[in-house]
Amino acid sequence: MLQYSLEYIARVTQSKLQSVKPETIVLSVYTDSRSVFHTHQSLFLALPGKVHNGHDFIEEVYNKNCRVFWVQKNQSYPIFDDAHYIISENVLHAFQQLCGIHRNHYTYPLVGITGSNGKTIVKEWLFHILSEKFSVVRSPKSYNSQIGVPLSLSLLSDNYNCAIIEAGISQKGEMEKLARIVKPTVGIFTNIGDAHQENFSTYTEKICEKLRLFESVTDLIYCADYQDIEEAVANQNLSAYVYSWSVQNKGTVAVSYSRNKNQGTDIYIEHNTFRMNCTVPFVDRASLENIVHVCIAARLLGVEEISSSVLKSLPQVEMRLEQKQGIKNCTLINDSYNSDFQSIKIALEFLSQQHQHVRTTVILSDVQQTGVAENILYTDIFDLIEAHEITRFIGIGPTITKHSRQSAQTNLFFESTEQFLGAINSIEFSDEIILLKGARNFAFERISQFLELQTHRTVLEINLRAMIDNLNYFRSHLFSKTKIVVMVKAFSYGSGSFEIANILQHQRVDYLAVAFVDEGIQLRKSGITLPIIVMNPEISAIKQAFEYDLEIEVYNYSVLNEVLRISYLFSHKDLGIHVKFDTGMVRYGFHEKDVATLIQEIQKIPYCKVRSVFSHLVGADDEKIDSFTLQQIEDFTHISRRFISAFDYHIDTHILNSAGIERFSSYQFDMVRLGIGLYGISASQNSNVRPISSLKTHITHIQEIDTGTTVGYSRKGVAERKTRIAVLPLGYADGLRRQLSNGVGTVFIHGKEVPIIGNICMDATMVDITEISALIGDEVIIFDEHHSIQKLAEKMNTIPYEVITGISQRVKRIYYYE
């Protein structure tokens with residue numbers, strides 16, 4: 001990290017300093033006035049830009065107690081007597097210069113990554129793998145721009161022994177500036193595509209500009225199957241040793257893929273100095289390219305073998321999209337962040353992972369800023385649409401409409417968003433998944449508003465990135481061979497069963513578990529193929545469970561006898577059962593005295609296979625009863641060994657729930673069951689577990705009442721002073737329990753906590769906003785990542801499980817990636 005005096009910064013960047021304390025030390029840098037919060041020893045970089053000028057925000061930052069400003073000569077800015085000013089001819093160039101000097105202080109390996117697509121994924125995956133061996137610093141998020149790269153370099157410190165820096169460009173001359181300060185030792189060129197092509201005359205020109213990053217590297221990694229990259233590298237006369245890998249026998253590194261039975265890919269990498277084999281949990285081309293780059297780079301940095309557990313837990317890098325419930329049983333995917341050709345391909349791949357509907361519709365605007373000839377671009381787009389077997393395509397914009405004849409399908413085209421909205425009522429949208437992919441100037445948010453299911457504006461937002469992080473956190477407690485069952489019962493703890501299950505399927509968990517047969521059937525109908533356990537099967541539904549390839553929990557002889565009764569109907573396949581023993585919950589399950597008889601009865605059933613034997617911990621989250629928990633584990637160990645010894649095939653064992661994974665991970669057996677922990681509740685209050693849900697609403701009405709006026713049913717709320725009341729469209733029918741009435745519960749408006757006044761109604765809640773400034777339409781937060789659901793549960797004298805599962809399904813769920 002930066003740790004320099006103002007005098008040093010001014011001197012090495014040939015800048016002027018106005019300061020009464022030139023010895024003042026700077027430790028952190030801000031470029032966005034909205035993000036300034038820790039102002040001690042911080043510097044605000046006042047960058048002039050096309051849209052905003054940082055100098056215009058100096059007063060705002062000053063009022064946040066920041067006192068050090070790096071400004072540009074000939075710009076207008078306020079002067080404060082107690083502030084310090086570094087004045088440069090060009091702020092950005094001077095800051096780049098400082099960070100280049102900072103980078104020179106460190107001699108450890110630095111991996112530089114560039115390319116058109118995949119930079120951030122390669123960076124994050126390489127970080128994930130190298131972290132097993134190194135202390136790694138990497139570029140935050142997608143900090144790959146002219147300002148993002150120096151900010152990334154500013155993070156280098158003696159705390160690390162390896163760095164990964166991502167670099168991107170949008171026009172000629174930019175990479176030379178970054179290359180001077182990054183000076184990577186190992187280079188990765190991910191691929192080449194259309195992004196920013198409008199600023200380059202040819203692909204070769206853009207490739208050569210990107211290759212300038214690698215003029216000083218000792219090793220360069222790229223895919224030789226991209227012919228333009230291969231030819232450009234050959235003509236650059238680079239001094240680096242080239243690891244040009246290929247699946248077409250073109251490069252110095254031979255790579256081959258083999259699809260395996262677990263819906264993953266086996267990868268074989270061979271160079272004349274090393275060989276690597278690994279198995280990864282994906283099959284798409286982009287991910288395979290990314291992981292090959294990562295594997296070769298890791299090998300060059302001394303990682304001789306990458307464990308399967310590390311590969312299995314590769315993080316899913318954030319996606320810029322939202323998934324919402326649409327009108328007439330549709331699902332809406334809104335990915336209007338950009339619409340270049342590569343991002344369209346990525347969005348279509350995501351669309352292809354969704355299986356909840358048979359029909360698919362893509363709504364796409366003109367594709368802008370690619371630099372590719374229109375006839376070629378739109379031919380490729382329509383080929384792509386047809387290759388993904390999209391049911392219906394809707395094009396919006398004059399350019400895509402002009403090229404509409406190139407589509408082999410019967411589709412719809414409109415000159416503008418306005419024209420489409422004028423015709424939208426005549427277009428049938430029903431029981432389909434709809435992908436919105438539009439350039440920002442087409443304002444596709446208006447289309448989204450029409451296609452979204454129009455419910456009241458109370459929403460439960462589900463952060464899928466946080467959920468994936470939680471999954472990886474709990475995985476970090478496990479051995480690589482330990483399987484994971486994820487509980488998606490009770491509407492996935494209120495979060496939405498299919499949407500969560502689909503992500504978990506993509507994350508390659510081993511099992512899903514639901515409470516009832518109809519929940520499992522719905523997942524099957526939505527395209528979920530993972531093994532599914534039904535934890536509480538009703539006897540009348542067991543036949544149907546097996547018809548849908550569900551596995552069932554067997555917890556008493558009535559269930560087992562029904563399996564025997566219907567087994568003759570399923571001679572063509574195994575009937576998977578999971579046998580439960582009660583070791584202290586006193587709920588469902590057999591007991592130790594049943595073991596001998598139970599074995600005999602199971603062995604009578606043809607085609608019946610015991611997949612697992614398990615038990616349920618009573619209080620793994622409560623250290624006061626740890627002795628009882630350990631006794632349960634001991635009893636289960638004894639019972640399961642007796643039971644399993646009677647069978648000539650492997651049977652998994654499991655007893656740990658979310659709290660057990662955190663607190664008793666040494667007893668993980670063959671499998672664990674992850675439930676509430678996935679959704680953000682940690683038994684150990686570990687900060688690595690992130691709440692995934694945010695319950696939000698808005699103010700629909702405001703009125704002022706006099707002292708003594710009563711509020712709500714039964715006149716329970718009484719104004720003790722002249723009071724401003726806000727009405728929220730949220731009530732006990734939505735899950736806001738009446739125990740929170742009359743000041744027990746609170747909500748948050750503009751970060752301020754305000755009390756509930758009067759009794760909570762079925763569809764409405766009144767809050768006292770006298771002490772804050774608020775307007776109709778303002779957002780109201782009931783709980784989120786910063787306003788604890790645990791505290792809300794305490795006020796309700798219950799547990800977070802009950803709060804989150806009690807959120808009504810009429811509350812719209814919005815799924816998003818950060």
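## Strand pairing around E5

Two strands are said to pair if DSSP finds at least two bridges between them. In this predicted model, E5 and strand E6 (residues 68-72) meet that criterion, pairing in the parallel sense over three bridges, and within this pairing leucine 43 stands opposite valine 68 in E6. Strand E4 (residues 28-30) also pairs with E5 in the parallel sense, again over three bridges, with serine 28 standing opposite serine 42 in E5.

In a regular strand the side chains alternate between the two faces of the sheet.

## An open sheet of eight strands

Another part of the model holds an open sheet of eight strands in the order E30-E29-E28-E27-E26-E25-E24-E31, with parallel pairing. Its edges are formed by strand E30 (652-654) and strand E31 (671-674), each of which pairs on one side only. Neighbouring strands of this sheet are turned against each other by 30° on average, when direction is ignored.

Within the sheet, strand E28 (residues 575-580) runs parallel to strand E29 (residues 608-614), and six bridges join the two. One of the positions involved is glycine 576, whose bridge partner in E29 is lysine 609.

## Nonpolar cores

The largest nonpolar core has 104 residues, of which Leu512 and Phe643 touch the most other members. Helix H16 (residues 464-475) gives the most to this core, contributing seven residues. A second, separate core of 92 residues includes Leu156, Val182, Tyr243 and Leu288.

Which residues does phenylalanine 643 contact, leaving aside its neighbours within four places in sequence? Phenylalanine 643 is in contact with Val579, Phe581, Val595, Leu598, Ile599, Ile602, Val610, Val613 and Ile651.

## The loop at glycine 708

Glycine 708 is placed in the loop between strand E33 (701-705) and strand E34 (710-711). With a relative accessible area of 42%, glycine 708 counts as partly exposed, because this class covers values between the under 20% limit for buried and the over 50% limit for exposed.

When residues up to four places away in sequence are not counted, glycine 708 touches Val718 and Ala719. The C-alpha atoms of glycine 708 and glutamate 720 are separated by 6.0 Å, although these two residues are twelve residues apart along the chain.

Definitions and conventions
Residues are numbered from 1 along each chain as its sequence is written. This is a predicted model: local features need pLDDT of at least 70, side-chain atom pairs count only at pLDDT 80 or more; totals for chains, interfaces and linings use all residues. Side-chain values use heavy atoms; hydrogens and water are left out. Helices (H or I, at least four residues) and strands (E, at least two) are DSSP runs, numbered from the N terminus. Buried means under 20% relative accessible area, exposed over 50%, partly exposed in between (1.4 Å probe, protein chains only). Contact means heavy atoms within 4.5 Å. Axes are lines fitted to C-alpha atoms, for helices over the stretch in contact, and angles run from 0 to 180 degrees between N-to-C directions. A nonpolar core is a set of buried Ala, Val, Leu, Ile, Met, Phe, Trp, Tyr and Cys residues joined through side-chain atoms within 4.5 Å.
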